[in-house]
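Here is a short briefing to read beside the sequence and the 3D view.

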Amino acid sequence: MTFGPAFWEVVSLSLQVALVATLCALPIAIGAAWLLARRSFWGHGMLNGIVHLPLVLPPVVTGYLLLVVFGRLGAVGALLFDWFGITLAFRWTGAALAAGVMAFPLMVRAVRLGFDAVDAGLEAAAATLGASPTRVFLTVTLPLIAPSVLAAAVLGFAKALGEFGATITFVAAIPGQTQTIPSAIYALLQAPGHEGDVVALVVVSIVLAMGALLLSEWLNHRITQRRLA
Amino acid sequence: MMLSVDIKARLGDLDLTAAFEAPVGVTVLFGASGAGKSSVVNAIAGLLRPDAGRIALGERVLFDGSTYLRPHRRNVGYVFQDARLFPHMTVQQNLTYGGADGLNDMVELLGLRPLLSRRPAGLSGGEKQRVALGRALLSKPQVLLLDEPLAALDGPRKAEVLPYLRDTARSAGVPIVYVTHAMAEVVELADQIVIIEAGKVVRKGALEDVMADPASARHFAKRDGGAVLSCRVARHEGGLTVLSSDAGDILLPGTVGTIGTSLRLSIPAQDVMLTTQEIEGQSALNMLATTITAISPLPNDNLAVSLKAKDAALWAELTPTSVAKLGLQPGQAVHAIFKATAIGPT
C-alpha cells in the first residue's frame, strides 16, 4: 500500500475531513466564544459546560452520542434524511462532523482568549463613530482577534486530523469512506507485515501537523508586522 | 443646538448627580480624579446608562425614562484620553472610519498629511491625539466630547496639541464637553465651567463669572484662584503689547499675538496688590483704578477683596493684617497692581 493509491486515498480523505471539520466548526466556535466572552445571560455556565463536554467526555461516549442523535434513526439524523436525504453515519461527512465536534472546545477556548485580549475601549470608540454592532464586529473586533482565530483553526485542524475514538464509533473505518490516518494506522497495526505503511502514515501525520503550525506562525507574523508598520 | 444633561447614576461608592446645559462652545467639566467627570461624558456618549434622568441634544432625546439611544445612533464625537486608534488600520483609515467628508481640509488643519499611510503604533502621543481629534470631527458629530485629551501627554506634546484643540473648538460650531483637571486648559479653552466634586455639580456658569467670584476659589488649587479676563490685542508699542479688556487697557511685556487676536488673561488673586493711592515709580506694568465691591473670608483665613474695574470684576487675596492696615472697606476706591499672564495664541 505504501505510497500506492490506497495510501493517498487515506491521506486525502483525512485532509478533506479535517479541512471541512475546521472550516465548518470555526464560525460556530467564534460565535460561541463571543457569547461566552462578551455576553452575560441565563444559562451562561450551562453553555460553557456543553461547549467543553467533548473535551472531558471519553471520545467513545461522544461518538456514541453522535450516533444516537445523528444516526439514521436519531432525532436529528432522521430529520436530515427525511428532509434533505442526508446521511451522516458511516459516511465521510459523518467523520467530518465527529472531528469538528471533538475539535470544537479547543477552538472556542483559543478564540475566547482573543476576545478577552481585545480592548473593549476600541469597540466603544468605533460605536461613537457611528458603527453598528455588526460593523464594529467585522471591522474592529474580528481583525483584532485574527491571530487567535488562526491559532484556533490550526489547533482544530490538528485535532481533527488526529481524531480517532469518536470517529470510529460514529462512522467506523470503511476504506475509501471513513478510514482516516489514525484509523488506518490502527488497522495496519492489527495485522503483521505493514510496519512500512505505518511509518509512512506517521511521517505524513508529522509533516501535516508541522506544516499547519509553520503556516500559522508565518501568517501570524505577517499580521503583527503589518500592525507595526 | 444645546446639550442638556440631567442624570443620576450609582457608580460603586459614588452617587453621581449632574445637571447642566452646554451651548455651542466649550463647556469644561472640572474636578479631581474620581469625581465622576468621565462618567458624565460616557453617559452622554451612551457608553454608560444612568439610572434616571434625561439627556437631550436640542429636541432630540438621547436618554430618558423610555429612550436609550445606543452609542452609534447618537452622533457624538468622542476623543478619549488614550486616543483609542484602531491598531490594524492606517492613519487615513482611522480618520475616515466615521466619515470621509472634508478629509482634505481636516488633514491640513491638523497637519496630518505626512502621517496618512502610517499605522498608530508608529505615532507619538501628540500625533495620536491629533488623529483621534480628526477622526471624531470627520464623523460630523452634533456634540464633541473630550475626556482629558492631554492628560497622557508630556509638556511639549501638550503644547503641540493644544493649539489644534483651540482652533477646532472655535470652528466646530457644536457643543463641546471637555473634561480636565488642568487649570491651564480651563483658562485657555473654557467658555462655560461645570465644577464637579464627589459626584455633585458644585458650581457652574460662564468661566469669567465663576473665576471672578472668590467663593469659587476653594474648588481650585491654591495658586489657581483669581479672575480670568478675555481681551483683544489692540496694538504693540515700545516693546509692549496693549490689550483692551472690559477692565481697560492692560499691558503685557513683549510682542504678543497679532493685532485683533483675542486671548485670555489670568490674574491670580495672590499676585494682585492694592494701594489706596496711585503710586509713581513702581515696576509692575499694570495699575487699574478699581472700587471695592466686597470683602469676604477665604477658607485659608485670608480675605478676598472683590474689585470692580470698569465693566470687569477681579479680586485680590490679602492677609487680614493688610486689610486692617489699609482700612479697606466696600465702596472704597483703590488701585490694583498686578502682573498679568496671557494664555492663548502667542
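Does S12(A) count as buried or exposed? S12(A) counts as exposed because 10 C-beta neighbours lie inside 10 Å. The cut-offs are these: a residue is buried if 20 or more other C-beta atoms lie within 10 Å of its own, exposed if 12 or fewer, and partly exposed in between, with C-beta atoms placed from the backbone.

This is a predicted model: local features need pLDDT of at least 70, side-chain atom pairs count only at pLDDT 80 or more, and totals for chains, interfaces and linings use all residues. Residues are numbered from 1 along each chain as its sequence is written, while chains are lettered from A and ligands numbered from 1 in the order in which they are written.

**Chain A**
- S12(A) sits in helix α1, residues 5-38 of chain A. Helices (H or I, at least four residues) and strands (E, at least two) are DSSP runs, numbered from the N terminus.
- S12(A) and G74(A) are 62 residues apart along the chain, and 29 Å separates their C-alpha atoms.

**Where the chains touch**
- Chain B has 18 residues in contact with 17 residues of chain A. Contact is defined by C-beta atoms, placed from the backbone, that lie within 7 Å.
- On the side of chain B that touches chain A, ten residues are nonpolar, five are polar and three are charged. Here Ala, Val, Leu, Ile, Met, Phe, Trp, Tyr, Cys and Pro count as nonpolar, Asp, Glu, Lys and Arg as charged, and the others, Gly among them, as polar.

**Two domains in chain B**
- Chain B is split into domain 1 (3-212) and domain 2 (226-343). The bounds come from an automatic or database domain assignment.
- The centres of domain 1 and domain 2 of chain B, taken over C-alpha atoms, are 33 Å apart.
- Seven residues of domain 1 of chain B are in contact with eleven residues of domain 2 of chain B.
- On the domain 1 side of that contact in chain B, α7(B) gives the most, with four residues.
- That side of domain 1 of chain B has five nonpolar, no polar and two charged residues.

**A sheet in chain B**
- Five strands of chain B form an open sheet, in the order β15-β19-β16-β17-β18, with antiparallel pairing. Two strands pair if DSSP finds at least two bridges between them.
- The edge strands of chain B are β15 (273-275) and β18 (312-318), and each pairs on one side only.
- β15(B) pairs with β19 (residues 333-338) of chain B in the antiparallel sense, over three bridges.
- L274(B) stands opposite A336(B) in β19(B).

Notes: Contact = placed C-beta atoms within 7 Å.
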